[in-house]
Protein chains: 2
Amino acid sequence: MDNTITENKVTSVITSAELLEHWQGHRGLTRRVIEAFPEKELFEYSIGRMRPFAGMVQELLAIAVPGLREITSGGTEELNEHLDQATSKANILALWDEATAEINRYWALIPAERFHDTIRTFGQYEGTVYSSIFYFIDNEIHHRAQAFVYLRSLGIEPPYFWQR
Amino acid sequence: MDNTITENKVTSVITSAELLEHWQGHRGLTRRVIEAFPEKELFEYSIGRMRPFAGMVQELLAIAVPGLREITSGGTEELNEHLDQATSKANILALWDEATAEINRYWALIPAERFHDTIRTFGQYEGTVYSSIFYFIDNEIHHRAQAFVYLRSLGIEPPYFWQR
């Protein structure tokens, strides 16, 4: 380990590599929640006129990789929450796994000193790089927790929240 | 601003002060979610045999201040999720506000170089200071999101997720 990284770890709350691991840990749990849904209920089941979980997952996919691509390229992405390929649980899981690799790839292009840069994601959300990435993660935790309620109300035990 | 803080900000993903602000922003939203519940439903309404939101909020209160106290004192706290005072919405909101001030007070006692120390919270959860605090925040987002589903299924519009 080189000295720069060691020093960064000593004075940092969390390093870039640790934040990526934290997010990917959450994404692994979200993947298990997708898997826990029966095929039909993934696309159709909802409570209180909210979206079925498949719709929420498309939002998460629309944000993660395109959001990082914006951060790394400086360009503007469209928030596309309706993916033509998201027609089955297997396809959604495949999209999820593709995104996992893409997230790692784009993450490596964000140097630590960029996390406090100001950006505007999807042409409208103003913030810093770090606040945007925290939003991506928090929004995933938020919607996945709603899927926990869907599963419980279907009589299905969700994965453990603390299991990453 | 002194040079140490400036430097830390330049090389950090997020600073200690920013993480506190992030958490307290989430806690402000959670407070508005508590307020959005009718008195009776806060204590009684549930889906899928989960706890009513008042029970979840007691868990959040049991974790936040006692967890930070453990981090700052090195002692071991009991996870007490049943608070005698939590008998009404007004009392829960008062406990919440007390915790808000206590969190700020304990946070000031955690120097940046302690975030990578290993600790065991509540006598059983092994991790680092940063991973424990992230768990506290993520767990709050998780349970609050479940309350969003409760509210939606009661026909009540929850506060905006992005409003902090």
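## Chatting through the model

Visitor: Quick one to start: is His22(A) buried or exposed?

Guide: His22(A) is buried, at a relative accessible area of 15%. Buried here means under 20% relative accessible area, exposed means over 50%, and partly exposed is what lies in between, with a 1.4 Å probe and protein chains only.

Visitor: Anything I should know about the model and the numbering?

Guide: This is a predicted model, in which local features need pLDDT of at least 70 and side-chain atom pairs count only at pLDDT 80 or more, while totals for chains, interfaces and linings use all residues. Residues are numbered from 1 along each chain as its sequence is written, chains are lettered from A and ligands numbered from 1 in the order in which they are written, and side-chain values use heavy atoms, with hydrogens and water left out.

Visitor: Great. Back to that histidine: where is the place of His22(A)?

Guide: His22(A) belongs to helix α2 of chain A. Helices (H or I, at least four residues) and strands (E, at least two) are DSSP runs, numbered from the N terminus.

Visitor: And what does His22(A) touch, not counting residues up to four places away in sequence?

Guide: Beyond those neighbours, His22(A) touches Ile137(A) in its own chain and Phe134(B) and Asp138(B) in chain B. Contact means heavy atoms within 4.5 Å. As for spacing, His22(A) and Asn104(A) are 82 residues apart in sequence, with 12 Å between their C-alpha atoms.

Visitor: At what angle do the axes of α2 and α5 of chain A cross?

Guide: Helix α2 (residues 16-36) and helix α5 (residues 89-107) of chain A have axes that cross at roughly 180° and come within 11 Å. That makes α2(A) roughly antiparallel to α5(A). The axes are lines fitted to C-alpha atoms, for helices over the stretch in contact, and angles run from 0 to 180 degrees between N-to-C directions. Angles under 35 degrees count as roughly parallel, over 145 as roughly antiparallel, 65 to 115 as roughly perpendicular and the rest as oblique.

Visitor: Which residues make that contact?

Guide: On α2(A) they include Leu19(A), Trp23(A), Arg27(A) and Ile34(A), and on α5(A) they include Ile92(A), Trp96(A), Ile103(A) and Trp107(A). By class, the contact of α2(A) with α5(A) has 10 nonpolar, 5 polar and 5 charged residues. Ala, Val, Leu, Ile, Met, Phe, Trp, Tyr, Cys and Pro count as nonpolar, Asp, Glu, Lys and Arg as charged, and the others, Gly among them, as polar.

Visitor: While we're on α5, what is the relative accessible area of Glu102(A)?

Guide: Glu102(A) is in helix α5 of chain A, and its value of 25% makes it partly exposed. Its C-alpha atom is separated by 21 Å from that of Ser88(A), 14 residues apart along the chain.

Visitor: New topic. What superposes chain B on chain A?

Guide: A rotation of 180° with 0.0 Å of shift along its axis does that, with an RMSD of 0.0 Å. That is the relation of a two-fold axis. The same surface serves both copies, as 100% of the contact residues of chain B recur in chain A. Copies are superposed by least squares on the C-alpha atoms of residues with pLDDT of at least 70 in both.

Visitor: Over to chain B, then. Where does His142(B) lie?

Guide: His142(B) lies in helix α6 (residues 129-153) of chain B. His142(B) is buried, at 3% relative accessible area, and, leaving aside neighbours within four places in sequence, is in contact with Ile141(A), Ala145(A), Phe148(A) and Phe161(A).

Visitor: How many residues of α6(B) are buried?

Guide: In α6(B), 21 of the 25 residues are buried, so the helix is mostly covered. Its end C-alpha atoms are 37 Å apart, which agrees with the 36 Å that 25 residues should span at 1.5 Å a residue; the expected span is 1.5 Å times one less than the number of residues. After α6(B) comes Gly155(B), with a positive phi near 80°.

Visitor: What about phi of Phe122(A) and of Arg49(B)?

Guide: Phe122(A) has a positive phi near 50° and sits in the loop between β1 (118-121) and β2 (125-128) of chain A. Arg49(B) has a positive phi near 60° and sits in the loop between α3 (39-44) and α4 (53-73) of chain B. Phe122(A) is buried at 9%, whereas Arg49(B) is exposed at 85%.

Visitor: Last one: what does Thr121(A) touch?

Guide: Thr121(A), in strand β1 of chain A, touches Glu70(A), Ser132(A) and Phe136(A), not counting residues up to four places away in sequence. Thr121(A) counts as buried, at 3% relative accessibility.
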